[in-house]
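Open the model in your viewer and keep the selection tool at hand. The tour below goes from one selection to the next and says what is there.

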Amino acid sequence: MSTFELYSDLRVDGTRLWNSIMEMAKIGPGIAGGSRRLALTDEDKQGRELFTQWCADAGCQIKIDDMGNMFATRSGNKGDIAPVTAGSHLDTQPHGGKFDGVYGVLAALEVIRTLNDHGIETHAPVEIVNWTNEEGARFAPAMISSGVYAGLFEKSFAWNRTDVDGKSLKSELERIGYLGEEPCGQHKIGYLLEAHIEQGPILENERKPIGVVTGGQGQRWYDISIAGQDSHAGSTPMPGRKDALVAASNIVAGMQKIANDHPPHGVCTVGEMHVEPNSRNTIPGHIQMTLDIRNPDQGILDQMTREVEQLCHSAAAEQRCELMLEQIWDCPPIVFNEDCIDAVRSAAEHLDLPNMKMVSGAGHDACQASHAIATSMIFVPCEGGLSHNEAEYATPDDLTAGANVLLHAMLALSSLRQ
């Protein structure tokens, strides 16, 4: 008898899940109904402490590694078997919503609470993970702690990342008391699942409550510096200017065309731009900006990268500016594990939930961790596809459906030999 048949009627408590999400949202509230818990701030610490208390109440043993990743484990009954783990992150964007990341952590907690409610023992341990600094909003690049876990980043590189005030990731881990003793990457995980809002409009448009995620887009991040010349806005003729902002603007416009030339998945984004001297009557002499390029096809991603790099050099040269273009992150397209994908799909089918296979447009800790662990993801719709915004919203019914898929997929994976 399969686990789906054995636990056919088992369901999570959707009301309890919703209430937990709303309770976590009270910590670091935004200004327009969302959340603001930047990684390793006092608000992040408070969120971690509430999560710790909930996990302890659920009978979990809690470990913290030296990147601040938190693992809350419910024991299995088959001895030394690597756990089936699920989770995401509790940190948010500066103007973040209530659900991005948080849902995945608390859906995993709801799975454990449900197992406790019904006295169900699993073969493998069942575990929750809260990854540190998934967003990258305070310490770039994003997903850095799951990246260290998977061997994609050196720990020294991650520890030495600084925020805009010059505070290092390691020093802030120490300050809030979450620099654990266990070396990051040493904690064993058998299978990893991550439930998440889609952060896009596809599921909503297709009227399907569950996305079975088969992989993720490749991503490349750049830091760009354009050096022109500060000069008087009134007395400097147009032909003699070295306007760094004009060069930057041409890059932004050109990237839009490059992305549109590689549909349907090609995207390019400038998310940050700093203008100096930022004075009304002075020609901007220096620009610092970021660039994000994504595509799920490696060949197309390479082509987009070549086109963008050529664009940056030509745009700077046209304005007689100097360009510094530094690639700070290269994440190839991700292909998730077939056993994990099948567990998610089978769970959705067992629950009679319409579903579709899809590739994640956003980066996630599961994408990083997939380089070292058998991994997949579960998507649920979010209203209008909106995320990284305080108006982000997902319905209680959809969140409950995703948590039920997570519950049954974890039960199925816990019965597989690892």
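Select Leu353, which counts as buried at 18% relative accessibility; buried means under 20% relative accessible area, exposed over 50%, and partly exposed in between, with a 1.4 Å probe and protein chains only. This is a predicted model, in which local features need pLDDT of at least 70 and side-chain atom pairs count only at pLDDT 80 or more, while totals for chains, interfaces and linings use all residues. Residues are numbered from 1 along each chain as its sequence is written, and side-chain values use heavy atoms, with hydrogens and water left out.

Leu353 lies in the loop between α11 (338-350) and β15 (355-360). The helices (H or I, at least four residues) and strands (E, at least two) are DSSP runs, numbered from the N terminus. Contact means heavy atoms within 4.5 Å. How far apart in space are Leu353 and Ala401, C-alpha to C-alpha? The distance is 7.8 Å, although 48 residues separate Leu353 and Ala401 in sequence.

**A pair of helices**

Two packed helices are described by the angle between their axes and the distance between the axes. Select α9 (residues 244-260) and α10 (residues 298-318): their axes come within 9 Å and cross at roughly 155°. Axes are lines fitted to C-alpha atoms, for helices over the stretch in contact, and angles run from 0 to 180 degrees between N-to-C directions. α9 and α10 are therefore roughly antiparallel to each other; the term applies to angles over 145 degrees, with under 35 counting as roughly parallel, 65 to 115 as roughly perpendicular and the rest as oblique.

To see the contact, show the side chains of Ala247, Asn250, Ile251, Gly254, Met255, Ile258 and Ala259 in α9. They meet residues of α10 including Met304, Val308, Leu311 and Ala315. By class, the contact of α9 with α10 has 11 nonpolar, 2 polar and 2 charged residues. Here Ala, Val, Leu, Ile, Met, Phe, Trp, Tyr, Cys and Pro count as nonpolar, Asp, Glu, Lys and Arg as charged, and the others, Gly among them, as polar.

Go to α7 (residues 169-176) and select Leu169, Glu172, Leu173 and Ile176, which are buried. Seen down the axis of α7, the buried residues fall within an arc of 105°, so they line one face of the helix. The arc is that of the directions from the helix axis to the C-beta atoms. Among the elements covering these residues are α3 (42-57), α5 and α6 (155-159). Gly177 follows α7 and has a positive phi, near 80°.

Step back to Ser168, in the loop between α6 and α7. Ser168 counts as buried at 17% relative accessibility.

**Backbone details in loops**

Select Asn133, in the loop between β4 and α5. Asn133 is not a glycine, yet its phi is positive, about 55°. Is Asn133 buried or exposed? Asn133 is buried, with a relative accessible area of 1%. Asn278 also has a positive phi, about 60°, but Asn278 is exposed, with a relative accessible area of 62%.

Finish with the peptide bonds. Ala140 and Pro141 are joined by a cis bond with omega about 5°. The bond from Pro263 to Pro264 is cis, with omega near 0°, and Pro264 sits in the loop between α9 and β9 (267-269).
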